[in-house]
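Student: Hi, could you walk me through this structure? I'd like to start with the salt bridges.
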Amino acid sequence: MKITKLKNFGKYGVAITDISYPFKSSEISEIRQLLIDELVVTFPKINYSEKQLWELGNAIGKVHTWGRKAGEVTPGWTGYTDDEGRTLYPGLDKVTGRKRKDENSFEGLITGVSTVLNWHCNELPALNSPNYVTLQGVTGTKGTLTQVCEMVDQFESENDIEKEHMRKLNMLWGVVTSEKYFIMPELKSASKDAIGIDIGAVPYTAEHWTTGVNQTEEEIEHFKKTGESLKGYTGGSDDMDILQKPLITKLANGKEGVHFSPAQVMDISNYNLSGDERLFQESKYFSPDYKPSDGFLQLRDYIIKEYVQDKFIYSHEWQDGDIMIMNQTVCIHRRANADGSVKVDFKLLAQRLLNRVEFII
């Protein structure tokens, strides 16, 4: 393998070329260690198939399958299937604005439909969320960026008193509904004109939206009739589980970094400030008019100002055939245009196709 450093990502990030296929265990071990040490690894123009990408994820870590199993038929599944509709690669999803052949729903994850995708990482309502996400450019990716911000370098520069203070903080994770920080602002409310989520002219169907959130038939029918949020719908903070996680995470490479997302961290926790993780399975933990504490708002402003800086942000300029694997514990990421603006034209998203796999190392 040939390994080169990425530019403009603090002390971190590498690109790899000349990787063997079928995979060699020695190279996979080296890639796994590079991901731990470097946070982001790219594979420019490697042109793997979706099967090879899935194999790569399974070789490096434990792929998060979202409960899918190979060979099962799952309506609304956003991955690849055979001619009979059976799942081929559990855990591999499409990210695209393309519509299905029936024109009533979309092929890929909802993130591929929204024209705005703000800074975020993946935090499921569970304590073992995947700590790495893989994206593969398939077609129509030129002209778009995936930007990654690392939060290790800046924490290292904090003074000892501030470090100790931050180490004692636990954060409450859910979904921030503020227009400024919401992950996909235009998908925030149910459409009045169609069953689904309002993205302007194109509705996102209830069946497709429920993929991966384990809705009952009764809940789906309720949503179809009323347009009210489903349990697990990330557009509302009053109908979902809340995670508590420490603000500061120690990585396998010995470094410490900030685990924070402006779109998902809702407040500072008043519970169990010993660094433990906790899941609050309370559907009404936050009311719709909940107001975060002043201390949290000050902390969020500080992190955005001091941590989300250009010198800590790597902008991957997509070419079809690229693969990018990034840490999503001490890194956040977002989609952007080539000029850095964040609202991407829907026509481009309808042509753009990426594959996505998450795994745990």
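Tutor: Happy to. A salt bridge here is a side-chain nitrogen of Lys or Arg within 4 Å of a carboxyl oxygen of Asp or Glu. This is a predicted model, so local features need pLDDT of at least 70 and side-chain atom pairs count only at pLDDT 80 or more, while totals for chains, interfaces and linings use all residues. Residues are numbered from 1 along each chain as its sequence is written, and side-chain values use heavy atoms, with hydrogens and water left out.

Student: Which residue meets Glu107 in a salt bridge?
Tutor: Lys94 does, with an N to O distance of 3.5 Å. Glu107 sits in the loop between strand 5 (92-96) and strand 6 (132-139), whereas Lys94 is in strand 5, so the pair ties together parts that are 13 residues apart in sequence. Helices (H or I, at least four residues) and strands (E, at least two) are DSSP runs, numbered from the N terminus.

Student: Is Lys94 buried or exposed?
Tutor: Lys94 counts as buried, at 13% relative accessibility. The cut-offs: buried means under 20% relative accessible area, exposed over 50%, and partly exposed in between (1.4 Å probe, protein chains only).

Student: How many salt bridges turn up in the whole structure?
Tutor: A search finds 10. One of them joins Lys11 and Glu156, whose closest N and O atoms are 3.2 Å apart. That pair links distant parts of the chain: Lys11 is in the loop between strand 1 (2-5) and strand 2 (14-17), Glu156 is in helix 3 (residues 153-157), and they are 145 residues apart.

Student: How accessible are Lys11 and Glu156?
Tutor: Lys11 is exposed, with a relative accessible area of 54%, and Glu156 is partly exposed at 28%. Lys11 and Glu156 also belong to a network of salt bridges with Lys255.

Student: What about Glu55, which residue is its salt-bridge partner?
Tutor: Its partner is Lys51, with the closest N and O atoms 2.5 Å apart. Glu55 and Lys51 are four residues apart in helix 2 (residues 50-60), so about one helical turn separates them. Glu55 is partly exposed at 22% relative accessible area, and Lys51 is partly exposed at 40%.

Student: Switching to sheets: in what order do the four strands of the open sheet come?
Tutor: The order is 12-8-9-13, with antiparallel pairing. Two strands pair if DSSP finds at least two bridges between them. Strand 12 (265-268) and strand 13 (278-280) stand at the edges with a single partner strand each, so one side of each has no neighbour in the sheet. From one strand to the next, the twist averages 30°.

Student: And how many bridges pair strand 8 with strand 12?
Tutor: Three, in the antiparallel sense, with strand 8 covering residues 170-173. Trp173 has Val265 in strand 12 as its bridge partner. Helix 7 (residues 294-306) packs on this sheet, touching strand 8 and strand 12, and its direction makes about 125° with that of strand 12. For such angles, axes are lines fitted to C-alpha atoms, for helices over the stretch in contact, and angles run from 0 to 180 degrees between N-to-C directions.

Student: What is the strand order in the open sheet of three strands?
Tutor: That one runs 14-7-16, again with antiparallel pairing. Strand 14 (313-317) and strand 16 (331-337) are at its edges, each with a single partner strand, so one side of each is left without a neighbour in the sheet. Strand 7 (residues 144-150) pairs with strand 14 over five bridges, and the bridge partner of Leu145 in strand 14 is Glu317.

Student: Last one: where does pLDDT stay under 50?
Tutor: Residues 189-215 are one such stretch, with 71 contacts beyond four places in sequence in the model. Another is residues 226-239, with 42 such contacts. pLDDT is the predictor's confidence in each residue, from 0 to 100. The protein chain averages 84, and 81% of the residues score at least 70.

How values were computed:
Contact means heavy atoms within 4.5 Å.
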